[in-house]
Amino acid sequence: MDKRIAVVTGANRGIGNEVVRQLAEKGWTVILTARDEAKGRKASDALKGRGFDVRFHRLDVTDLQDIRRLADDLSAELWRLDVLVNNAGVLMDEDKRSIDVKMEAVRATMETNFFGPFRLSQALFPLLERSDEGRIINVSSGLGQLSDGGGGYPAYSISKAALNALTVQLAEDLHGRVRVNSVCPGWVRTEMGGRGATRSVEKGAESIVWLATAPTVPNGKFIRDQKEIPW
Ligand SMILES: NC(=O)c1ccc[n+]([C@@H]2O[C@H](COP(=O)([O-])OP(=O)(O)OC[C@H]3O[C@@H](n4cnc5c(N)ncnc54)[C@H](OP(=O)(O)O)[C@@H]3O)[C@@H](O)[C@H]2O)c1
């Protein structure tokens, strides 16, 4: 089989960076993307220095021009794509309530956590369709589970519930031509998760890497620890 190719967003640190490392370690070509050129190059150079096939492309997921440029560059450079990991995310409304959270924070959160993955999935679909195993992995959160009630982080939770809805729509529309799933990494020790989180980045990346690499994976499901969880 050809070398598999993945794009990971928000991969200069945290869970995204660990997903790049684990896929590259398995011999994949990984496009490490980040919105900050210097941080992204530093992260990709560190992995390239270990002999991995990691290539940096700058991408702010809220910037349509960046998304178009990435699609054009990948089309010219690699022709196809096997896996898109929509990992980039922001949490801007800690300790806020839905009744008084600032609408600017809601909009900014939706731009990164929902519209970014939506636009990127549309833009990279033609490349994913050329793969015999195309997959989109939306990095969501248990906080986006409608079945678990609400409370706290309203903008973030709503953005992840919307991302989960996107997973269902895409999976339905693509009829398995590209398999699409949401994944909750658990509570992970990153800048977002904080030092008190219960999981390492290695553990947080595990289900994402499983969805990227397993020979058979579900379609249109919400996954944690390689098992389906309720929406
Ligand atoms: N940590 C947890 O406990 C946890 C739990 C459930 C779900 N998640 C989800 O897991 C994913 C990764 O989170 P993490 O814990 O690794 O967080 P993190 O350490 O805060 O990393 C977030 C990454 O997203 C990038 N990013 C933010 N806005 C972006 C944009 N507009 N364009 C491109 N990149 C952007 C950041 O780049 P900069 O360095 O430039 O800011 C950073 O690389 C997120 O979707 C998050 O919601 C995390």
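**Entry 1**

I looked up Gln 226 and found it in the loop between β7 and β8, where I take helices (H or I, at least four residues) and strands (E, at least two) as DSSP runs numbered from the N terminus. I note that residues are numbered from 1 along each chain as its sequence is written. I also note that this is a predicted model, in which local features need pLDDT of at least 70 and side-chain atom pairs count only at pLDDT 80 or more, while totals for chains, interfaces and linings use all residues.

The phi of Gln 226 is near 65°, a positive value in a residue other than glycine. I checked this because most residues other than glycine have a negative phi. Gln 226 is partly exposed, with 13 other C-beta atoms within 10 Å; by the rule I use, 20 or more such atoms make a residue buried, 12 or fewer make it exposed, and counts in between make it partly exposed, with C-beta atoms placed from the backbone.

**Entry 2: Tyr 153**

I then turned to Tyr 153, which is not a glycine but has a positive phi of about 45°. Tyr 153 sits in the loop between β5 and α5, and I count it as buried because 23 other C-beta atoms lie within 10 Å.

**Entry 3: the sheet**

In what order do the strands of the open sheet stand? I read the order of its 8 strands as β3-β2-β1-β4-β5-β6-β7-β8, with mixed pairing; two strands pair if DSSP finds at least two bridges between them. Since β3 (54-58) and β8 (227-228) are at the edges with a single partner strand each, one side of each has no neighbour in the sheet.

Going through the pairs, I find β1 (residues 5-8) joined to β4 by 3 bridges, in parallel, with Ala 6 opposite Val 83 of β4. β4 is in turn joined to β5 (residues 135-139) by 4 bridges, again in parallel, and Val 83 stands opposite Arg 135 of β5. β5 and β6 pair in the parallel sense over 5 bridges, with Asn 138 opposite Ser 182 of β6. β6 (residues 179-183) and β7 (residues 222-224) also run parallel, over 2 bridges, and here I note Val 183 opposite Ile 223 of β7.

I also checked which way the side chains point. In β4 (residues 83-86), Val 83 and Val 85 point one way and Leu 84 and Asn 86 the other, and all are buried. In β6, 5 of its 5 residues are buried, with Arg 179, Asn 181 and Val 183 on one side and Val 180 and Ser 182 on the other.

**Entry 4: helices on the sheet**

I find helix α2 (residues 37-48) lying across β2 (29-34) and β3, at about 175° to β3; the axes are lines fitted to C-alpha atoms, for helices over the stretch in contact, and angles run from 0 to 180 degrees between N-to-C directions. Helix α6 (residues 201-213) packs on the sheet, touching β1, β4, β5, β6 and β7, and its direction makes about 165° with that of β5.

Ile 208 lies in helix α6 and is buried, with 26 other C-beta atoms within 10 Å. Which residues does Ile 208 contact, leaving aside its neighbours within four places in sequence? I list Val 19, Val 85, Ile 137, Val 139, Val 183 and Pro 185, a contact being two C-beta atoms, placed from the backbone, within 7 Å.

**Entry 5: α4 and its two partners**

The axes of α3 (residues 64-77) and α4 (residues 103-128) come within 10 Å and cross at roughly 15°. That makes α3 roughly parallel to α4, a term I use for angles under 35 degrees. Their crossing is right-handed, that is, the near helix is turned clockwise from the far one by less than a right angle. The contact includes Leu 64, Ile 67 and Arg 68 of α3 and Arg 119 and Leu 120 of α4.

On α5 (residues 154-174), I note that its axis and that of α4 come within 8 Å and cross at roughly 20°, so the two are roughly parallel. This crossing is right-handed as well. Among the residues in contact are Met 110, Phe 114 and Phe 118 of α4 and Tyr 156, Lys 160 and Leu 163 of α5.

Notes:
Parallel < 35°, antiparallel > 145°, perpendicular 65-115°, else oblique.
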